[in-house]
Amino acid sequence: MTTYPHLLAPLDLGFTTLKNRVLMGSMHTGLEETKDWNRVAEFYAARARGGVGLMVTGGIGPNLEGSVLPGASMMVSDEDVANHKVITSAVHDAGGKIAMQILHAGRYAYGPKCVAPSAIKSPISPFPPTELDEDGIEKQISDIVNAAVLAQQASYDGVEIMGSEGYFLNQFLVTHTNKREDRWGGSYENRMRLPIEVVRRTREAVGTDFIIIYRLSMIDLVPEGSTHEEVVQLAREVEKAGATIINTGIGWHEARVPTIATSVPRRAFAWVTKKLMGKVGIPVVTSNRINMPDVAEDVLAEGCADMVSMARPLLADADFVVKAETGQADHIAPCIGCNQACLDHTFGGKLTSCLVNPRACHETEHAITPAEQPKSIGIVGAGPAGLSAALTAADRGHAVTLFDKADRIGGQLNMARQVPGKEEFHGLVDWFATMVADAGITVKLNTEAGVDDLKGFDEVVIATGVVPRDPGIPGQERDNVLSYIDVLRDKAEVGNKVAVIGAGGIGFDVAEFLVTGDSPTLDLPEWMREWGVADPEAVRGGLAPEGPQPEPPVRQVTLMQRKAKALGKGLGKTTGWIHRAELKMKQVEMIGGVNYEKIDDAGLHISFGEARENPRVIDCDTVVLCAGQLSERSLADALEAEGIACHVIGGADVAAELDAKRAINQGTRLAAAL
Ligand code: NAP
Ligand code: SF4
C-alpha cells in the first residue's frame, strides 16, 4: 500500500492512460529558445524517467504576433516539427507522455505586433495591441489549430491550449479587455466563442486519440473578471467542444495578488478548482503552491481535483514522483517557492534553473559523475554553499567531513526560516539534514575548525559565510541597537517602535518579521483577507470589494537606506513587489536618501543629501542594523599563510549580492569538479 494512493493512481483517459495524477505544469524555461534540442530533450526526459504522469512544455507560439517575445519558440513549420521530435522521442523512450502548450499571448505579447480583442494596453506591457478584425480572428484560430496539428506530427501526446493567466483567449472572455460589439464580444456567449471555437476546431483537426488540455482561468483576480457561473459554463462548453482535461489557471499576470510566491499558503487555490468538480465529466487539474507529495495527496483525497499540476517542484527535483513511489519523500529536494532561479530568470531574459537544484535546465552541461579518485575533503561551514558542496562531493564518492561552529546545520537559512512567509525554508534545512545524514558525511558541529584541523585533507573547502558590515554610526554600541542576527536568530527583545538601517533583502525580511504577528502564510482565510481574495461565486473575478484587509502591524517600523531611489528595487524581479506591498500594508515608513547621524536617547538622528539637510529624529526604542555583509575569510587567510591550498565559496568568496542561489550553485559546481 503506497502512502499516496490518490496521487499515484493511474488516470484512464479512454484512448490512453496516465500512470499517475502528476501533471508537470508548463514552464517558460528559455530552453526551447536555445535551439539546443538535445538539451531541451534531456530536461524533459529526466522528468519522464522521474515518473511524471504527463508533462506540458513551455508555451510555444502559434504565430509571430501571438508569441510571448520576439524570438520565442513557435510551432509553425516542418523544421519545428523535426526539432520537437527530438523532445518527444526522448520522452517516449523514457516512458513518459508529453503535451505541447500552445501559448498565444494576445496583448501580453512583448512586441509592437501584438493583437487583442480590443485595443487596450496591458498594465504590464509597453505595447498597445491592435484590435483584431473578423479575418484577424479567423487567422489566429487557424494558426492555433495548425500548431496543434504540427504538434501531433511531432508525436506529442497532446496539446495544452493556454486559456488562462490573462493571455489571448482569456482576454476575449471578460469585459475588462473585450469591448467588442460583434459576435466575439458583448454577451458571455459571444465572449466565449473564441476559446470554444479554438477547442472545437482543434479537436476536429487532430481526431479523437489526442489529448487536449484546456487551461481555464478559474479566478481571474482582476476587476470585471469572470464569475464562477461563467467559469462553469465555459468549462462545460470546452468539454463539449472536445477537451480531454481541464487545467486550472489562477490569476492574470497583471493581478495584484500573489499566486505562486513562497508567501502564498500551500494549496491556496485548491478550493477554487474544487468548485468545478462534479460539474464537468472530464478530469480536472488543480494547481499553485502544491510542492510536496503529501500536499498533493491531501488535495486529491479531499476531492479538490482529479489531478495535480506541479511545475517548479519538478525543477527542484526531477525524481519527485519516483521518490514518492519508493518511500523516499523526505529525499525530495523541496521547491521553496522563491522564484529566484526560475521566474526571476525568465523575466530577466536568462535561462531558468532552480535555487535548490542548479542542474535544472543544465542537465547536459552540468554533469555529476563518480570521482575518478576518491579523496578526503574537509569543508568548513554548513550553510547552503558548504552543504551543497558536501552533498555533491559525497555523491561522487569522496569522504567528506563538514565542520560548523554552530550547533546546527543551515547557516543563514536558519534566519530566513524565521521570517513570516518564508516557512518553506524549514523544509529546505530539513532536506539538507536528511541528505547529509544519508550521504555518510561526517558532521562536526559546535566545532570551530582551525588550520590544524584541516591539515591532512586532500581538498579543503572554506564556506565560512559572512559577518555583518559595521556601519559605524555614532551611538551604535548602545544596548538598544541590535543586529539582524540578534533579532532573527537569537530572538532578542525588540521594542514597539523600531528603526531598521539598511533595506536590502535582510532589511526587508527583518521589517516583515517585526510587523507581522502570526504568519498569514499558515492561515489561508487570513491570507485571503490580507490580499482581498474572495470567493468568485460571490464576487466577479474573486476580488473582495472592500479590498485588502491586513491585520494591523505588531510594531511601528521605519525602514531606511542611503540610496535616494525607491526601497526594494534590488529585490527579486517577480517577488519584490510583494514584499513592498506587504510592508506598505503594515504601514512601514520607507525612507531613502538618508545619512545616519547618531543614535541617542531621542532615537535615530538622520539627515538628507550631501549637505546633510532636513535633520529628523526617528522616534524609536530599538534600532536594527541590516547594513549588508562582508566575507568571513579569516580561516581562508590563515590557511593560505600556512601554504595550505583551499577553495573559497559562498559568502566567504563574495559577500555582495550573496544569496542561497549563488551559494548552492557555486558549492555544487565546485564539488562536481573536485
Ligand atoms: P544587501 O542587499 O546588500 O543590502 C544591504 C543594505 O545595507 C542596503 O540597503 C544598503 O543600502 C545598506 N548599506 C550598505 N552599506 C551600508 C553602510 N555602510 N551603512 C549603512 N547602510 C549600509 O545585503 P543584505 O540585506 O544583508 O542581504 C544580503 C543578501 O542576502 C542579499 O544580497 C540578498 O540577495 C540575500 N537575501 C535575499 C533575500 C530575498 O528575499 N531574496 C532575502 C534576504 C537576503 P544603502 O547603501 O543605500 O544604505
Ligand atoms: Fe522553486 Fe525557487 Fe527552485 Fe524556482 S528557484 S523551482 S521557486 S526552489
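1. Let's start with a stretch of chain. Over residues 7-330 the chain is 36% helix and 16% strand, with its end C-alpha atoms 16 Å apart. Helices here are DSSP runs of H or I with at least four residues, strands are E runs of at least two, and both are numbered from the N terminus. UniProt, in an unreviewed entry, labels residues 7-330 "domain: NADH:flavin oxidoreductase/NADH oxidase N-terminal". Such annotations may be inferred rather than shown by experiment.

2. Before going on, keep in mind that this is a predicted model, where local features need pLDDT of at least 70 and side-chain atom pairs count only at pLDDT 80 or more, while totals for chains, interfaces and linings use all residues. Residues are numbered from 1 along each chain as its sequence is written, and side-chain values use heavy atoms, with hydrogens and water left out.

3. Now the domains, whose bounds come from an automatic or database assignment. Domain 1 covers 11-347, domain 2 covers 376-467 + 631-673, and domain 3 covers 472-516 + 553-627. Taken over C-alpha atoms, the centres of domain 1 and domain 2 are 39 Å apart.

4. How do domain 1 and domain 2 meet? On the domain 1 side, 15 residues are in contact with eleven residues of domain 2, contact meaning heavy atoms within 4.5 Å. The two bury about 1100 Å² between them, 59% of it on carbon and sulfur atoms. In domain 1, H331, I336 and Q340 lose the most area to domain 2, together 45% of what that side buries. (Buried area is the accessible area, with a 1.4 Å probe, that two parts lose on being put together, summed over both.)

5. Last, the salt bridges (a side-chain nitrogen of Lys or Arg within 4 Å of a carboxyl oxygen of Asp or Glu). The structure holds 37 of them, and two link domain 1 with domain 2. R289 pairs with E424, the closest N and O atoms being 2.8 Å apart. Another salt bridge joins E204 and R200, with closest N and O atoms 2.8 Å apart; both residues sit in helix α7 (residues 193-206), four residues apart, about one turn of the helix.

Methods
Chains lettered and ligands numbered in written order.
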